[in-house]
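Please look at the sequence and the structure, then read the points below.

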Amino acid sequence: MASKREDRDNLAGIVADSLNKKFKDYKVAYFLDGAEDTPTDLTEWISTGSSMLDMAISNRPNGGIPVGRITEITGLEASGKSLVAAQILANTQKKDGLAVYIDTENAMNEEFLRTIGMDVSKMLYIQLETVEDIFEVIDNIITKVRESDKDRLVSIVVDSVAAATTRVEQSADYDKDGWSTGKAIILSKAMRKITQMIGRQRIALMFTNQLRQKMGVMFGDPWTTSGGKAIAFHASCRLRLKAAGQIKAKVNGQDQTVGIKTKCQVVKNRMGPPLRTAEFDIYFDSGIDDFGGWLRVLKDYKLVSQSGAWYTYTTDDGEVIKFQSKDWNEKLEKDEHLQKEVYDKICNTLIMEYKVDNFGIDDLEHTDEAPPNG
């Protein structure tokens, strides 16, 4: 049996060497176990601003959206799509990366970008209208990165696909012109070209897209997105945001809406378990309340007890900490040890461990019997 395995491995090596000689521009054949720098490697992540969403996507501590992959952020209007995308760009800058914002909606708020930590003087802002122009610009950015600085992290946000038109549509009048399939056709072609280019660079490409309701759907998912299925197919991660309520507070003695409660589902995920959810609050004057999302998880999994407006948390050392929700953020910011302990506890609770089945592998080294089917 061992000799048969050696023959198989030698044959695989001969095939891999032959393919890599044929495709001289770049390597195409790998042995993933132990190989260095394979296209499937994911070694870098960019935070979304919500640690719980980062964990839901990556299924690991300190995760986020994957670098070298495509991410689609979808949702209805006013659900926080642009905010999450902008937060990712701000976190890109914190890693000394280049942030690129492609705006098709003419709706960027410079003051709010500063509020969430973006250095707008160092951000590349591009205003485009057509899908064709968007992908020509993305192609140009990737080419320049290859030429000058391959190791520089680049995050590109297209906000949004729904608002982008095509050159043919732009030159037409306002009459109804039949089935508008031009955008879907162009996106299909563009995504086939761009996906492999992204995978070989330190580039994170994100699209925001608006949900649209399918007509006449009584069962199953009633939502779809603009531009056909190309982005949904090529994206390694698809997020669906939903506004889950308003946050009200007293402002000058009057009740005012100061933010929204947001629920995000990872509807597609190639980096971890799909269909996981994360909830967090977005404040209009400061962005995502990350630590508030931590407290929600602690409550859901009974890691804190609640009595009225007071919470009780018992540390690993046995210390009992009582606090109110309004004091939670300040308490974590001042106590790094407590912050790390709480985060580790959340990781142990939420991160899924995969079951690796090595059935028959050890036994096959000593027997000629094949493993049973199935």
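A contact here means heavy atoms within 4.5 Å. The model is predicted, so local features need pLDDT of at least 70 and side-chain atom pairs count only at pLDDT 80 or more, while totals for chains, interfaces and linings use all residues. Residues are numbered from 1 along each chain as its sequence is written, and side-chain values use heavy atoms, with hydrogens and water left out.

**Overall picture**

- The protein has twelve helices and 15 strands. Helices (H or I, at least four residues) and strands (E, at least two) are DSSP runs, numbered from the N terminus.
- The C-alpha trace spans about 80 × 70 × 50 Å along its principal axes.
- Of the 374 residues, 43% count as buried. Buried means under 20% relative accessible area, exposed means over 50%, and partly exposed lies in between, with a 1.4 Å probe and protein chains only.
- Among contacts with a separation of 6 or more, 65% are between residues 24 or more positions apart.

**Helices α2 and α11**

- Helix α2 (residues 51-58) packs against helix α11 (residues 336-350) at an angle of about 35 degrees, and their axes are 11 Å apart. Axes are lines fitted to C-alpha atoms, for helices over the stretch in contact, and angles run from 0 to 180 degrees between N-to-C directions.
- The crossing of α2 and α11 is right-handed. A crossing is right-handed if the near helix is turned clockwise from the far one by less than a right angle, and left-handed if anticlockwise.
- On the α2 side, S51, M52 and M55 take part; they meet Y343, I346, C347 and L350 in α11.
- The contact of α2 with α11 holds six nonpolar, one polar and no charged residues. Ala, Val, Leu, Ile, Met, Phe, Trp, Tyr, Cys and Pro count as nonpolar, Asp, Glu, Lys and Arg as charged, and the others, Gly among them, as polar.

**Salt bridges**

- The protein has 18 salt bridges, where a salt bridge is a side-chain nitrogen of Lys or Arg within 4 Å of a carboxyl oxygen of Asp or Glu.
- R114 and E110 form a salt bridge through their side chains, at 2.7 Å from N to O. The two residues are separated by about one helical turn, because they are four residues apart in helix α4 (residues 110-115). R114 is partly exposed, at 48% relative accessible area, and E110 is partly exposed at 38%.
- D9 and R8 are joined by a salt bridge of 2.9 Å, N to O. D9 is partly exposed, with a relative accessible area of 39%.
- D149 and R152 are joined by a salt bridge of 3.3 Å, N to O. D149 is partly exposed at 29%, and R152 is partly exposed at 37%.

**Backbone features**

- Most residues other than glycine have a negative phi, and most peptide bonds are trans.
- N106, which is not glycine, has a positive phi near 55 degrees. N106 lies in the loop between β4 (98-103) and α4, and counts as exposed at 61% relative accessibility.
- K302, also not glycine, has a positive phi near 60 degrees. K302 sits in the loop between α9 (290-300) and β13 (305-307), and counts as exposed at 70% relative accessibility.
- The peptide bond from D159 to S160 is cis, with omega near 10 degrees. S160 is in the loop between β6 (154-159) and α6 (167-171).

**The surroundings of R276**

- R276 is in the loop between β10 (254-269) and β11 (277-283). R276 is partly exposed, with a relative accessible area of 21%.
- Which residues does R276 touch, not counting residues up to four places away in sequence? R276 touches A56, N59, C264, Q265, V266, L350, I351 and M352.
- R276 and A56 are 220 residues apart in sequence, and 5.8 Å apart in space, C-alpha to C-alpha.
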